[in-house]
Amino acid sequence: MADLLTDLQFDQFRKLIYDASGITFSDTNRSILDSRLKERLREKKLTNVEDYYKIITSDQGEFKVFLDSITTNLTRFFRNQPHFDALINYVIPHVLENKKKTGSTKIRIWSAGCSTGEEPYTIAMILKDKLPAPYTFEILASDISLKSLMVGQQGFYPEARIAGIPETYLAKFFTKNETGYQVKPEIMSTIKFDYHNLRFDSGQRDLDVIFCRNVLIYFDEAAQKATIDRFYDSMAKSSYLFIGHSESLFGMETKFQFLKTEWACLYEKQES
């Protein structure tokens, strides 16, 4: 099974994946799709890739498992610290200014493509530590990987996974046991983990901040623009978007304004 897919089959699978999720497979990353398919065939005790294609086009449950298998869930706590420095020193103060004008005391954040939960938990710890009374917050954490979402929902991380968390936060927001660290209920209760495919509208509105880092790189230009436009529509009149440090909206026709702060670059929505 060195070359699992014929060119025709490769085109069939990548079109199916793209239409469903916006994730793009090119000739350069064809081998990734090939290896993931081999794993699924072994798991389902199949030898024919066409049989598996028939299954995922008729069984939504297996198709979700398949999409889960082709995504890369690389993350860690406080990944790209400058983004969180910008959140603390620039974004939160400006969001609070806007809240004073509207009389609202709740900050709403979406961690899109949250993987196993390290990003939303990082955001939650920062807000719990930095937000003054009477302000509260809620975080939606979404991903296309059900397996990753389950890890996030459980909020338990082995010792090797907690690198990067400041000692004060580790002591304040985690409970240590023999095998690792459990996020405390006061942090877990601020986050809702939910399955969401960025190909579609989330239904969210009036979000103050969106983190969608290192996700757009898996999309082609058309899918990137559609995703960014949906983000814009889901955000409050004055709000902020973080994308990966290797990602950019330059050259894309978008309503977001590029914002360079002392700490990191991000994007701003400003509507009068």
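Student: Why is D206 called exposed in this predicted model?

Tutor: Set the value against the cut-off: D206 has a relative accessible area of 51%, and exposed means over 50%. So D206 counts as exposed.

Student: Where is D206, and what is phi there?

Tutor: D206 sits in the loop between β6 (191–195) and β7 (207–212). Its phi is near 60°, a positive value in a residue other than glycine. Most residues other than glycine have a negative phi.

Student: What makes K45 count as exposed?

Tutor: The cut-off again: exposed is over 50%, and K45 has 76% relative accessibility, so K45 counts as exposed. You'll find K45 in the loop between α2 (30–44) and α3 (49–56). Phi of K45 is positive too, near 55°.

Student: How do you know that the span of helix α6 agrees with what it should be?

Tutor: Helix α6 covers residues 118–130, and at 1.5 Å a residue its 13 residues should span 18 Å. The end C-alpha atoms are 18 Å apart, so the two values agree.

Student: Why is α6 called largely enclosed by the rest of the structure?

Tutor: Because 10 of its 13 residues are buried, and buried means under 20% relative accessible area. Among them are E118, P120, Y121, I123 and L127.

Student: What makes the peptide bond between A133 and P134 a cis one, and where is P134?

Tutor: Look at omega, which is about 5° for the cis bond joining A133 and P134. P134 lies in the loop between α6 and β2 (136–143). Most peptide bonds are trans.

Conventions: Residues are numbered from 1 along each chain as its sequence is written. This is a predicted model: local features need pLDDT of at least 70, side-chain atom pairs count only at pLDDT 80 or more; totals for chains, interfaces and linings use all residues. Side-chain values use heavy atoms; hydrogens and water are left out. Helices (H or I, at least four residues) and strands (E, at least two) are DSSP runs, numbered from the N terminus. The expected span of a helix is 1.5 Å times one less than its number of residues. Buried means under 20% relative accessible area, exposed over 50%, partly exposed in between (1.4 Å probe, protein chains only).
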